[in-house]
Structures are given as structure tokens and as C-alpha cells.
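I opened the notebook with the sequence and the structure side by side. My entries follow the order in which I looked things up.

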Amino acid sequence: MITFLFLWLCLPRVESLTYPAVISPQDPTLVIGSSLTATCSVNSDLHLKAEDLYWTLNGRRLPPESYKVLNGTTLSVALANLNGSRQQSGDNLVCHSRDGSILAGSCLYVGLPPEKPVNITCWSKNMKDLTCKWAPGTEGETYLHTNYTLKYKLRWYGRDNTCQEYRTAGQYSCHIPKDLALFTPYEIWVEASNRLGVAVSEVVMLDILDVVTTDPPADVTVSRVGDLEDQLSVRWSSPPALKDFLFQAKYQIQYRVEDSAEWKVVDDVGNQTSCRLAGLRPGTVYFVQVRCNPFGIYGSKKAGIWSDWSNPTAASTPRSDRVPGVCDPKSGEQNTTLRRELKQFFGWVKKHAYGCSNLSIKLYDQWRVWLQKSHKTRNQVLPGDKL
Amino acid sequence: SPVDPANLLSPAASSSSLSQQEVATKIKQTHSLTVLLKHCSEQLLAEYVRHQGEPFSSPDFQPPAMAVPGLPSPSVPPEAWLALSDGKRLWHLAAAYAALPGLLGSVRRQQAELNPLASELHRQLEAAARQCRGLAGNLERIMGALGVTGPPPPSSSLGGPTTGAFLAKLGGYHVCRLHRDWAMRSHEALGLLRTKYPL
């Protein structure tokens with residue numbers, strides 16, 4: 001390395017450059033499977049003969065049978081049935097002198113033209129913006145870097161706009177942050193381009209108001225219903241962002257037991273901000289999530305797009321059995337003597353013992369949940385345990 | 001400290017207001033920066049060749065011994081380098097680090113076209129340019145404190161005709177190699193300076 005640096009350092013500064021050799025064509029773009037004949041012409045000052053040259057492609061020497069001496073200083077090579085480029089920066093086709101030193105190079109770009117992007121889906125968060133995602137047309141590789149551009153225009157105004165913020169929701173996505181009109185349709189499409197060509201997707205037409213989604217409901221709390229062993233009460237607040245708009249929200253609840261992957265969905269929750277889950281297993285920890293659909297925006301009868309689920313909230317039911325039901329708003333409460341007395345005690349503490357103001361019956365309930373969980377883990381056999 | 005007549009450093013002609021303590025601290029800090037540069041420049045070269053394909057990424061890659069347009073060549077061979085005075089060494093380093101940020105920037109722009117998805121490479125090229133600018137600033141301070149005159153600013157960097165992709169890959173390789181070699185040289189030089197100006 002040191003000697004090389006030395007050699008390199010001692011070269012005089014050259015203003016107009018004479019390269020040792022030149023390869024033609026320079027940086028061609030080709031379709032997979034095509035053929036190419038390239039030539040290497042050495043500078044006559046170098047006193048190198050065409051017979052003394054050889055070719056490599058991505059470091060691998062090409063067979064001499066594919067070479068042809070065109071004249072004293074020019075050697076050609078014939079490449080057939082080219083494979084897709086090994087790296088996006090291009091395959092390196094290099095012309096060497098007999099001692100192995102590199103005389104010249106050219107980068108080959110071999111691939112396929114892009115296919116029409118498909119499955120364009122869009123959504124607007126609180127009518128403020130628009131995010132779209134799509135899928136590339138090709139299942140496999142094109143071998144060439146493909147650039148995607150999302151374009152949109154108002155249906156009846158003619159001017160094309162280009163989306164600028166890419167990859168906000170995955171690799172094939174774009175975000176339009178502002179200046180979107182409501183009550184008027186947009187045309188949206190995606191152009192895919194690479195060195196071999198362009199492909200344009202089908203045009204999708206939509207009105208922002210038809211693809212509105214919002215934030216998940218806030219402040220989701222799940223609590224026991226007194227001592228009822230098969231019920232849990234879920235409460236939440238509507239997403240604040242849409243409170244300025246005339247809309248009706250629909251909600252959906254999903255819940256599952258702690259050690260199951262199967263969610264149960266409660267669909268007909270309507271416009272309320274609370275719901276009681278019934279028919280649950282006693283003494284079990286449940287995870288609950290709520291999501292919101294802003295439908296009826298500005299009087300439209302169409303549903304919007306469901307928000308993400310809220311972060312899971314956990315709670316547990318007390319012990320014993322009951323008859324199943326769904327979202328039953330009417331049900332009596334049964335307090336045990338102990339719990340009733342504790343509740344009274346905490347009320348008194350709150351009033352009379354300053355500094356203990358965060359003691360409440362809720363804390364007692366949380367302790368019961370924790371007790372149940374730790375009781376469970378204590379009885380589990382852990383992988384490291386010796387049997 | 002011994003007075004070297006060939007030395008361009010002349011405390012009497014010192015124009016900066018840094019105390020001996022401050023100079024020594026600055027030198028130590030700059031030496032640490034060269035340690036970072038040594039490490040990062042090795043990583044950058046490895047990351048760079050990885051994205052250009054063979055033969056660049058092969059361990060026995062022999063780049064052609066040809067000058068690449070626009071790349072200035074440092075003119076001091078390694079053996080003579082160590083025999084230079086501190087001031088002269090600093091002068092050469094300052095000249096190199098004045099030119100390197102622009103060159104690394106050009107490489108980053110070329111790689112944005114050649115390897116658009118190589119975000120780690122782009123990040124490292126930007127970081128390298130930033131580190132070189134930092135080192136250039138530090139060197140300027142040290143030279144000011146020691147009364148060493150700096151080199152003239154570099155002539156406008158690469159703006160020449162657009163090169164082909166292969167030459168762009170080769171040019172970028174040389175810049176990354178140079179960057180690493182200069183990092184090694186600056187580390188050496190600052191180490192020598194540290195012994196002469198201990199804290």
C-alpha cells in the first residue's frame with residue numbers, strides 16, 4: 001500500500017488527461033438476456049498490443065474465445081445472454097493489460113423495465129393530509145434502481161402535483177401534508193421509472209372525505225364491575241382531533257384473554273364512549289383495545305377508515321361463573337362486605353389523612369390483578385427450571 | 001523544548017492569544033479527533049468498496065496508477081514526511097483537510113446516483129466531510145497559536161466534465177483511500193506534536 005501511495009503521489013498534476021485506454025460503449029443499459037459487443041482501444045503512446053489485453057466482468061476473467069483483435073490497438077469482447085446486474089451501481093466491465101493492471105472500465109446496467117405499480121390505497125388523517133401506499137408491479141427484481149413518483153390532481157382542474165415526502169408508511173408510500181381540497185375528487189397515480197423505461201399505474205379517483213381516519217380513542221380504561229365475575233367495564237373518550245367536525249363516530253372493541261391470540265370483536269358499539277363486556281371468564285386477565293371510525297362526516301352516509309387500535313389495556317375479572325351476554329348496560333352490582341368496607345375506609349383516608357390522596361379502591365383492584373398474575377407465574381414452570 | 005532552526009514555529013512571532021496550556025489541550029483534543037478519523041476512514045473505505053462491486057471490493061484490488069481528474073496529489077513521500085518540521089507537516093495537513101471535505105461531498109453526490117439506496121454509505125460520506133472540516137478548524141487554531149502560516153485555500157474542486165460511471169467509482173475510491181491515508185498521517189503528526197507539547 002505504501003509503495004502504491006508513493007507511486008500515486010509522485011505523478012505530476014495533469015490538466016488535460018490522457019487515459020491509458022477507452023472502452024466503448026460507456027455505461028450502456030440493456031435488457032436481461034441481450035448481447036453486447038464492447039471494444040477496448042489503448043492509447044498508442046503506451047505501446048501495448050491488442051493481443052496482450054484481457055477482459056473481466058465483475059472481477060471474473062472473460063474467456064479468450066469471445067475476444068477479437070480489431071486492429072493493433074483495439075480488442076473487442078462479445079457478451080451474450082446477459083444476467084441482471086449484480087449491483088445497482090452497474091456491473092464492472094474492465095479492460096486489463098497482460099500484467100493485470102486496469103486500463104479502462106465501463107459499467108453495464110442490465111435489468112428489466114418496471115411494471116405498473118398496483119394496489120394504491122390512501123387515507124387522510126383528520127382530513128388534514130393524505131397518505132398513499134402502493135405495491136410494485138413486479139413480484140421479483142428489476143435489477144435496476146426503480147424510482148417511484150406519486151402524482152395527483154383535482155379531477156377538473158388539470159394541474160399535476162407531485163408528492164414529495166416518501167417512505168412515511170413503508171417503502172412504497174408517500175405523504176401529502178397540506179393544501180387538499182374537500183368535497184371534490186382527486187385523481188391519483190404512481191409512476192415507476194428506471195433506466196429501461198417508465199410504467200404508470202391505473203388512476204385512482206377519490207374524495208378526501210371518503211378516506212378519513214382518525215386517532216384511536218383516548219384514555220381507554222377497563223375496570224371491574226364491582227364483584228361481577230364475568231364482566232368488565234370499558235370507557236374511553238372520543239378522539240379530540242375530530243371534535244370540531246360534524247361527525248358520528250362508530251367504535252369497535254376487541255378483547256382477548258391473556259394467553260390467547262384470538263381476539264373477540266364487539267361490533268355494534270355505536271356512538272357511546274363506554275361499554276360493558278359480559279360473558280367473560282372469571283379470574284382471568286383480559287387485554288382490551290378500542291378503535292374509532294369517523295363516519296357521517298359533514299352528513300356523508302359513508303363510513304370512514306378505522307383508526308389504529310388503542311394501546312392494549314389490561315384488567316382481570318374476579319372469580320366464579322355466569323350466563324354469557326354482550327355489552328349489557330343493565331346489571332346489578334354486588335359488593336362483598338370486605339370491598340364495601342375498604343371503599344369506605346379509603347374515602348375516609350382521602351378526607352382525613354393528608355398525603356394519602358392517591359389511595360382508592362382502584363388501587364385495591366390493581367393489587368388483586370397483580371396478585372392473580374404473580375400467582376400464575378409462580379405456578380408456571382420456567383424453561384430454565386430443573387425438573 | 002529544543003529549538004529547531006528549520007522549524008517554522010517561532011514562539012516570538014506567535015500571533016495567537018492561547019497560553020501554553022491551551023495549546024497543549026488543543027493538540028491533545030485534535031489528536032483524539034485523528035483517532036476517530038482513523039477509525040471512521042477505514043470503515044468508510046470498506047463500506048465504499050462494498051457497494052461498487054468487484055473488482056473494487058476484492059481484497060487484492062489494484063487501482064490503476066493513473067491520475068484522476070481534479071484530485072490534487074500530496075507531494076511528500078512517506079519517508080521525507082517524518083523528517084519534516086512540525087510546522088511543515090501542519091501546513092500539508094491543513095492543505096489536505098481544506099480539500100477533502102469538497103471531494104468527499106462530490107463522492108457523496110456521485111454515490112447518490114450510483115447507489116441511491118446505500119443510505120449508510122451516504123451517511124458515512126457526510127460524516128467524513130464533517131469530521132474533516134472539524135479537523136481543518138482545529139489545525140487552523142493550532143497553527144495560529146504556534147505562528148505557522150497556513151496554505152492558500154484550495155482551487156475550486158471537481159466541476160469538470162461528467163465522468164462515466166466506472167471513472168466515478170474509481171475517483172471515489174481514490175478519495176476514500178486518500179482520506180484514510182491522510183487520517184493515518186495526521187494521527188502520526190499529532191502524536192509527535194503531543195510529545196512536544198505535553199499537558
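**Entry 1. Confidence**

Over residues 328-335 of chain A, pLDDT stays under 50, and the model has twelve contacts beyond four places in sequence for them. This is a predicted model, so I read confidence before geometry. Residues 1-16 of chain A also stay under 50 in pLDDT. For that stretch the model has 30 contacts beyond four places in sequence.

Where in chain A is confidence lowest, and where is it highest? I found the lowest mean, 37, in helix α1 (residues 2-10) of chain A. The highest, 97, belongs to strand β4 (residues 54-57) of chain A. Chain A averages a pLDDT of 83, and 84% of the residues score at least 70.

**Entry 2. Chain A overall**

I noted three helices and 26 strands in chain A. Of its 387 residues, 42% count as buried. I then looked at contacts between residues at least 6 apart in sequence: 64% of them join residues at least 24 apart. The accessible surface of chain A comes to about 22100 Å². Carbon and sulfur atoms account for 52% of that surface.

**Entry 3. Strand β9 of chain A**

How many residues of strand β9 (residues 102-111) of chain A are buried? I counted ten of its ten residues. Next I looked up its partners. Strand β2 (residues 29-31) of chain A pairs with β9(A) in the parallel sense, over three bridges. There A:Leu30 stands opposite A:Val110. Strand β8 (residues 91-96) of chain A pairs with β9(A) in the antiparallel sense, over six bridges. A:Cys95 stands opposite A:Ala104 in β9(A).

I also checked the hairpin of β8(A) and β9(A). It has five residues between the strands. A:Gly100 takes a positive phi there, near 100 degrees.

**Entry 4. A:Ser106**

I picked one residue of strand β9 of chain A, A:Ser106. Is A:Ser106 buried or exposed? Its relative accessibility is 0%, so A:Ser106 counts as buried. I listed what it touches, leaving out residues up to four places away in sequence. Among them are A:Ile23, A:Pro25, A:Asp27, A:Asp91, A:Asn92 and A:Leu93. The list also includes B:Phe166, from chain B. A:Thr214 is 108 residues away in sequence and 52 Å away in space, C-alpha to C-alpha.

**Entry 5. The five-stranded sheet**

I traced an open sheet of five strands in chain A, in the order β14-β15-β11-β10-β19, with mixed pairing. Which strands stand at the edges? They are β14 and β19 (212-213) of chain A. Each has a single partner strand, so one side of each is left without a neighbour in the sheet. Inside the sheet, strand β11 (residues 130-135) of chain A runs antiparallel to β15(A), joined by four bridges. I marked A:Cys132, which stands opposite A:Cys174 in β15(A).

**Entry 6. Aromatic pairs**

I found nine aromatic pairs over all chains. A:Tyr148 and A:Tyr172 form one that is edge-to-face, 5.3 Å centre to centre with 80 degrees between the planes. A:Tyr148 lies in strand β12 (residues 147-154) of chain A, and A:Tyr172 in the loop between β14 (165-166) and β15 (173-176) of chain A. The two are 24 residues apart. A:Tyr148 has 16% relative accessibility, so it counts as buried. A:Tyr172, at 24%, counts as partly exposed.

I then turned to chain B. B:Phe56 and B:Phe166 form a tilted pair, 5.5 Å centre to centre with 55 degrees between the planes. B:Phe56 lies in the loop between α1 (20-52) and α2 (78-83) of chain B, and B:Phe166 in helix α5 (residues 165-196) of chain B, so the pair ties together parts that are 110 residues apart in sequence. B:Phe56 is buried, with a relative accessible area of 2%. B:Phe166 is buried at 2% too. B:Phe56, B:Phe61, B:Phe166 and B:Tyr173 form one aromatic cluster.

**Entry 7. Charges over rings**

The charged end of A:Arg61 sits over the ring of A:Tyr54, 3.6 Å from its centre. The charged end of A:Arg256 sits over the ring of A:Trp263, at 5.0 Å from the centre.

Note on methods: Residues numbered from 1 in each chain as written. Chains lettered and ligands numbered in written order. Predicted model: local features only at pLDDT ≥ 70, side-chain atom pairs only at ≥ 80, totals over all residues. Heavy atoms only, no water. Buried < 20%, exposed > 50% of the residue type's maximum accessible area, 1.4 Å probe, protein only. Contact = heavy atoms within 4.5 Å. Areas by Shrake-Rupley, 256 points an atom, 1.4 Å probe, with all protein chains shown as cover. pLDDT = per-residue confidence, 0-100. Phe/Tyr/Trp six-rings, centres within 6.5 Å; stacked < 30°, edge-to-face > 60°. Lys NZ or Arg CZ within 6 Å of the ring centre and 35° of its normal. Pairing = 2+ DSSP bridges.
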